[in-house]
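Dear colleague,

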Amino acid sequence: MNDPQMPLPVIYITSKALSKLQAFIGLVPGEISGLGEVEKYGEGDFLVTDLVLFKQDCGPGETELDMDKVTDFQSTAMDKGRDLGKIKLWWHCHGEGFPC
């Protein structure tokens, strides 16, 4: 249960991640989703630093990421020294006219 005295965390997003999000959303008229890197920011807040888009099947109310592409990303990222522990975000957008 949430403590009413404790402030809720604030989610910040870097300009790089926001630009990617806007570009990804502009690619399709409907649902779209992906993963993202998140870091702790200040006292109890979070910062979204990067977003990743994968091949996916999208329907009118759902998305399904291609798990082979996600696995390929993880393998390549580890080889390049990327910290996979920062991948803590699943993001999605419902499409034109709907907020993400």
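What covers the buried residues of α1? Before the answer, please note that this is a predicted model, in which local features need pLDDT of at least 70 and side-chain atom pairs count only at pLDDT 80 or more, while totals for chains, interfaces and linings use all residues. Residues are numbered from 1 along each chain as its sequence is written, and side-chain values use heavy atoms, with hydrogens and water left out.

The cover includes β1, β2 (32–41), β3 (45–53) and β6 (87–93), where contact means heavy atoms within 4.5 Å. Helices (H or I, at least four residues) and strands (E, at least two) are DSSP runs, numbered from the N terminus, and the protein has two helices and six strands, arranged along the sequence as β-α-β-β-β-β-α-β.

The residues of α1 that are buried (under 20% relative accessible area, with exposed meaning over 50% and partly exposed in between, for a 1.4 Å probe and protein chains only) are A17, L21 and F24. They lie on the same side of α1 because they cover an arc of only 70° around the axis, the arc being that of the directions from the helix axis to the C-beta atoms. On the other side of α1, S15, Q22 and G26 are exposed.

For the protein as a whole, buried residues make up 27% of the 100 residues, and of the contacts with a separation of 6 or more, 66% join residues 24 or more positions apart.
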